[in-house]
Amino acid sequence: MLINGIQSTTVAATDRGLAYGDGLFSTIKVEWGRVQLWDFHLQRLQLGAKRLFFPEVDWTLLTDEVQSLAEALNDKPQAVIKIILTRGSGGRGYSSKGCVEPLRILSCHDFPSFYKQWQDEGIKVILCQQKLAINPQLAGLKTLNRLEQVLIKHELEMSQAVEGIVCDNNGFVIEACTANIFIYLDNQWLTPKLDACGVAGVKRRQVMEAASQAGITISEVDITVDELLKAQALCLTNALMGLVPVKQFQSHIYPKSGFSSIHQLQALLAEGSGK
């Protein structure tokens, strides 16, 4: 683990990431020492730092640290690098005055072995009761404030479910606990709007850009639970799992015919896997 470029596992008790969740994070896939979708991860971190009014971040230094860690993993077909970026240390209270040096935490992790099976066989998901609060200022970002996801994950574990669909307080479908959502409805691809809450995933962005280049339109719209039940296909994406078909939502089983549309998107991602 690197903390501001130094091998360490110690963070100051005054760090605002610990005190207030005042920070951002990103979880990155590494293949044979090559960082996947780094430009997308970096751009989302930069957007988050701007929206949270962070002090200046040395993005070149962060990039070099990520690349150096990745190169040390060049004997592994797949691995994970996690970045945590906090505002740094400050005094008691919410004011960020005096915080001049952001804290960088980089760590390496094993790649989850079950994602390949998920991609090949699909998964079952449930509808979560926990809702996402609406906050346009934070919408799209991957901040350290993950208490909603902690509660969602607890709900999934209590239900013995691997993933679940989450709505906002207005009842619109937003995302899964750890993934974005795409549905194929009335012969068109749709994905939830993320202008009020939710995380704009880098894999979501890659899917949308790859589809656009192939002449496939994916519309960002408000989506209801009823529309999920009417869809021909439903799939989940994130930077590690890739694109995973959903074979069952609640008691609704999706027709196998809908998987051909999902396989088309998977093929587009495979073509651009070196990106």
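1. Let's start at a turn. Strands β14 and β15 form a hairpin with two residues between them, and Q250 in that turn has a positive phi of about 55°. Helices and strands here are DSSP runs (H or I over at least four residues for helices, E over at least two for strands), numbered from the N terminus. Two bridges join β14 to β15 (residues 252-253), and these strands run antiparallel. Within this pairing, F249 has H252 in β15 as its bridge partner. Two strands are said to pair if DSSP finds at least two bridges between them.

2. A word on what you are looking at: this is a predicted model, in which local features need pLDDT of at least 70 and side-chain atom pairs count only at pLDDT 80 or more, while totals for chains, interfaces and linings use all residues. Residues are numbered from 1 along each chain as its sequence is written, and side-chain values use heavy atoms, with hydrogens and water left out.

3. Stay with β14 for a moment, and look at its other neighbours. Strand β13 (residues 233-238) is joined to β14 by four bridges, and the two run antiparallel. A hairpin through three residues connects β13 to β14, and T237 has L243 in β14 as its bridge partner. Strand β7 (residues 123-127) pairs with β14 in the parallel sense over three bridges, with I123 standing opposite V246.

4. Is β14 enclosed or open to the outside? Seven of the eight residues of β14 (residues 242-249) are buried, so the strand is largely enclosed by the rest of the structure. Buried means under 20% relative accessible area, exposed means over 50%, and partly exposed lies in between (1.4 Å probe, protein chains only).

5. Now step back to the whole chain. It holds eight helices and 15 strands. Its radius of gyration is 19 Å, close to the 19 Å that the globule rule gives for 275 residues, so the chain is as compact as a globular protein of that length. That radius is taken over C-alpha atoms, and the globule rule is 2.2 Å times the number of residues to the power 0.38. The C-alpha trace spans about 55 × 45 × 35 Å along its principal axes. Buried residues make up 51% of the 275 residues. Among contacts (heavy atoms within 4.5 Å) between residues at least 6 apart in sequence, 72% join residues at least 24 apart.

6. Next, find the open sheet of six strands. Its order is β2-β1-β6-β5-β3-β4, with antiparallel pairing. The edge strands are β2 (6-7) and β4, each pairing on one side only. Strand β1 (residues 2-3) is joined to β6 (residues 103-110) by two bridges, and L2 stands opposite L106 in β6.

7. Two helices lie across strands of this region. Helix α2 lies across β3, β4 and β5, running at about 175° to β3. Helix α3 lies across β1, β3, β4, β5 and β6, running at about 20° to β6. For these angles, axes are lines fitted to C-alpha atoms (for helices over the stretch in contact), and angles run from 0 to 180 degrees between N-to-C directions.

8. How does the length of α2 check out? At 1.5 Å a residue, its 14 residues (38-51) should span 20 Å, and its end C-alpha atoms are 20 Å apart, which agrees. The expected span is 1.5 Å times one less than the number of residues. Among the buried residues of α2 are W38, F40 and L42, and the buried residues of this helix pack against β3, β4, α3, β5 and α6. Just after α2, F53 takes a positive phi of about 60°.

9. Finally, the charged pairs. Side chains of opposite charge can pair when their charged atoms come close. A search of the whole structure finds eight salt bridges, a salt bridge being a side-chain nitrogen of Lys or Arg within 4 Å of a carboxyl oxygen of Asp or Glu. In one of them, E220 meets R204, with the closest N and O atoms 2.8 Å apart. This pair links distant parts of the chain, since E220 is in strand β12 and R204 in helix α6, 16 residues apart. E220 is partly exposed, with a relative accessible area of 44%, whereas R204 is buried at 7%.

10. Two further salt bridges are worth a look. D22 pairs with R16, the closest N and O atoms being 2.8 Å apart, and both D22 and R16 are buried. K193 pairs with D222, with the closest N and O atoms 3.8 Å apart.
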